[in-house]
Amino acid sequence: MSIRQAPALTTHNRKSTMAQQPETRVSATTPRLHVAHLAKTYGSGGKARTVIEDLTFTVDAGEVVCIVGPSGVGKTTLLKCLAGLQPASSGTAAIDGRTISGPPPEMALVFQDYNRSLMPWLTVRKNLVLPLRHLKLPAAELKERCDSALAAVGLSHADNQYPWQLSGGMQQRVAIARALAYRPEILIMDEPFASVDAQTRFDLEDLCLKIRKDFNMTILVVTHDIDEAVYLADRVVVLGSRPARVLRVVEVDLPAPRDQITTRSLPEFARQRTDVLSLIKRPA
Amino acid sequence: MRNLAIRNLVIGTGIPVLLLVAWWFLSANSADPFFPPLETILLRFQELWLFDHFQSDVLLSLGNLFLGFAIAAVAGVALGFATALVPPVRWMIDPLIHFLRGIPPVALVPIFISLIGFGTQMRVTSIALAAFFPTMIATVDGIRSVSNDLMDVARVYRLSRKERVLNVLLPAAMPQIFSGLQVSLQVAFIVMIASEMLGSSQGIGAMTLLAQQSFMAADMWAGILLLGVIGFLVNILFGLLRGKVLSWYIGSRRLARAA
């Protein structure tokens, strides 16, 4: 019996380091990420342009939430506010009740354009190491983090190559591996699979679900692909455009584990994607 | 790909060799005092530079060139960073830079002669100051064109300010910095010779000018030949350095072109 229990224990330990102090997490009723009446206006006076007007939604710990909306709706602006790259004009975004005022330490971001988010002068492994340098980790842990992150995205063989030597899908996997090695509690992805081919896209979507399961991360994905949103998410936040506002939060109750073929062929899947699509298609 | 490279190498070295051969035969029986036979020029070249004046003049010139260029490179990159990253520095020195860069570098030499005199110091200062501008301006441009996405990545992953400068901005701006350094090197070379011609009795430039003024045409040609050889070798060295530092950039560009 004790032999069978040992691996389970290891997994548990590993998870707790991944998620960094899950015990101190606020009780399940308090959302991990709370966006309240968030608004963003660029410029002022007559030239003012309101991109986001009054967004409110929450993301619970361990949840995958997708944000969908028509292109140009201000999804990227929203993410920049959440990542602390831009201040909100009014309203707040908070993690565990703490208002975000700069890049939060427990968060990692995977950018839309892998082409411009990886350092072309660094090899894959050194790209992973760069964000970890200031954490002053012991060499062994640094190596272990990179090794396991690369293994998770299936790129262990490519660690000495440069990003530009890899295909688009592989580059995006490097960007995801960099986020994993950072061991964030909250992972935010901005249209992460927009510029890869369909097959790679399915693989990366499943990778995203695997990350949530293995690393117990809270994941927020911005996408314009409704099928993708329904496939990935526990909940879908549907945005309306100009200025952006929440049209509805759709609960997705598709069974886990999800599978590209069986899940997508469920009648329930079709019904949910139709729900979301009709929300977006409807003239505002 | 490989064959093409070999072909280019053959053409690249073949043409200069062919020109030299043509020069050799066309000038062989020349009695014109200003255009002596190449054979005479090469003889004087050997007598003068290998190795009679090598230490006293060639090494002196090269020492000034490298010292001046090194000062210009370090100061140019450092001040370029300060200008691009610290707005008050930009407001203070931007107009001044654009005024000074408009003055042909060689025109500064007489000023330095009056200010500092004829010594090595004057020559190194002239070289450094003239070579400074191209590197500095290229550095500023390089930093300004670093993509916002890359800087967002640096901020999200909470890189320190030092890491952002040394591990993101510097390598990202390096291709442009090297373009600036290349121009700086050429300017340094020009000013090295000009400073010697205008205010010195030592160095390759001084020797060459002296030869011209004393109607020693073969010596003059030998000096010019030496300058050509040095310029060529210095550029090759620079190319090797660039290839090493920017291997990622050269590789990615080649791949992008092939695709």
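## Contact between the chains

In this predicted model, 20 residues of chain A are in contact with 18 residues of chain B. Two elements of chain A, β6 (107-110) and α3 (114-117), each give two or more residues to the side that touches chain B. Sorted by class, that side of chain A has 14 nonpolar residues, together with three polar and three charged ones.

## The nonpolar core

The largest nonpolar core has 137 residues. Those with the most contacts inside this core are Ala177(A), Ile188(A) and Val236(A), along with Ile127(B) and Ala188(B). The element that gives the most to the core is helix α8 (residues 161-199) of chain B, with 15 residues. In soluble globular proteins, nonpolar side chains tend to be buried together.

Apart from neighbours within four places in sequence, Ala177(A) is in contact with Leu128(A), Ala149(A), Leu150(A), Ala152(A), Val153(A) and Leu155(A).

## Overall build of chain A

Chain A has nine helices and ten strands. Of its 284 residues, 39% are buried. Among contacts in chain A with a separation of 6 or more, 70% come from residues 24 or more positions apart.

Most residues other than glycine have a negative phi. His37(A), which is not a glycine, has a positive phi of about 50 degrees. This histidine lies in strand β1 (residues 33-42) of chain A. His37(A) counts as exposed because 12 other C-beta atoms lie within 10 Å, and the cut-off for exposed is 12 or fewer.

Asp96(A) also has a positive phi, near 50 degrees. Asp96(A) sits in the loop between β4 (90-95) and β5 (98-99) of chain A, and is partly exposed, with 17 other C-beta atoms within 10 Å.

Notes. Residues numbered from 1 in each chain as written. Chains lettered and ligands numbered in written order. Predicted model: local features only at pLDDT ≥ 70, side-chain atom pairs only at ≥ 80, totals over all residues. Contact = placed C-beta atoms within 7 Å. Helix = DSSP H or I, 4+ residues; strand = E, 2+ residues; numbered from the N terminus. Nonpolar A, V, L, I, M, F, W, Y, C, P; charged D, E, K, R; others polar. Core = buried A, V, L, I, M, F, W, Y, C linked by C-beta atoms within 7 Å. Buried ≥ 20, exposed ≤ 12 C-beta atoms within 10 Å, placed from the backbone.
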